[in-house]
Amino acid sequence: MENSPCQCMEESYQELVKFINQYEGESESLIMVLHKIQETLGFVPVDLQVKVADVLRVPISKVFGVISFYAFFTLKPKGKYHISVCKGTACFVRGASKVLDAIEKKIGLVPGDTTNDGKYSLEIVYCLGACGLSPVMTINKEVHARLTPQRIPEILAEYT
Ligand code: FES
């Protein structure tokens with residue numbers, strides 16, 4: 001099944017099911033429970049969304065609405081290389097949108113998504129605390145500064 005946990009996740013997954021079961025009927029615990037899932041697995045799988053809705057007794061549409069609303073939650077696991085492009089004010093005025101376009105074109109991905117091979121995931125963030133070096137992005141924990149669209153292919157080539 002597409003959303004079944006892989007072997008390596010099985011233990012965390014079973015722990016999460018136990019965790020969710022502690023909140024039976026407690027709809028007010030929805031965000032906290034989703035946070036726990038996101039922190040543990042790095043995303044919120046669809047079958048756990050259904051489980052949360054069922055146990056906490058909230059409509060599945062509400063669970064999905066919360067996940068869609070908060071950027072913290074993701075529906076897919078992050079890629080081996082997680083790219084965070086800053087579109088905060090300083091980066092935006094110095095061309096972050098064009099940098100983002102170049103990344104999207106190069107890896108065929110939109111923000112919030114992960115490539116099918118699990119190599120790259122992409123998100124937009126709003127200020128990485130390095131405004132003086134804008135536009136900025138991080139790939140995993142490495143910072144890439146003073147970006148231009150032209151530099152994107154050469155930078156991404158370091159992450160294969
Ligand atoms: S606005 Fe991009 S690092 Fe601050």
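Predicted model: local features only at pLDDT ≥ 70, side-chain atom pairs only at ≥ 80, totals over all residues.

Trainee: Why are α3 and α4 called oblique to each other?
Mentor: The axes of α3 (residues 46-56) and α4 (residues 60-69) come within 8 Å and cross at roughly 125 degrees, where axes are lines fitted to C-alpha atoms, for helices over the stretch in contact, and angles run from 0 to 180 degrees between N-to-C directions. Angles under 35 degrees count as roughly parallel, over 145 as roughly antiparallel, 65 to 115 as roughly perpendicular and the rest as oblique, and the pair is therefore oblique.

Trainee: Which residues make the contact between α3 and α4, and how do they divide into nonpolar, polar and charged?
Mentor: With contact meaning heavy atoms within 4.5 Å, α3 contributes Gln49, Val50, Val52 and Ala53, and α4 contributes Ile60, Val63, Phe64 and Ile67. These divide into 7 nonpolar, 1 polar and no charged, given that Ala, Val, Leu, Ile, Met, Phe, Trp, Tyr, Cys and Pro count as nonpolar, Asp, Glu, Lys and Arg as charged, and the others, Gly among them, as polar.

Trainee: What makes glutamine 38 count as buried?
Mentor: Buried means under 20% relative accessible area, exposed over 50% and partly exposed in between, with a 1.4 Å probe and protein chains only; glutamine 38 is at 7% and therefore counts as buried. Glutamine 38 lies in helix α2 (residues 30-41) and, leaving aside residues up to four places away in sequence, touches Phe43, Val44, Phe72, Phe73 and Thr74.

Trainee: How many disulfides does a search of the whole structure find, and which terms apply to cysteine 91 and cysteine 127?
Mentor: The search finds 0 disulfides, a disulfide being a pair of cysteine sulfur atoms within 2.5 Å. Cysteine 91, with a relative accessible area of 3%, is buried, whereas cysteine 127, at 42%, counts as partly exposed.

Trainee: What is noted about the backbone at arginine 57 and asparagine 140?
Mentor: Most residues other than glycine have a negative phi, and most peptide bonds are trans. Arginine 57, in the loop between α3 and α4, has a positive phi of about 60 degrees although it is not a glycine, and its relative accessible area of 57% makes it exposed. Asparagine 140, in the loop between β3 and β4 (142-144), has a positive phi near 50 degrees and is partly exposed at 39%.

Trainee: Which residues does a cis peptide bond join?
Mentor: Serine 134 and proline 135 are joined by a cis peptide bond, with omega about -5 degrees, and proline 135 is found in the loop between β2 (120-125) and β3 (137-139).

Trainee: How many helices and strands are there in the protein chain?
Mentor: There are 7 helices and 4 strands, where helices (H or I, at least four residues) and strands (E, at least two) are DSSP runs numbered from the N terminus.

How values were computed: Residues numbered from 1 in each chain as written. Heavy atoms only, no water.
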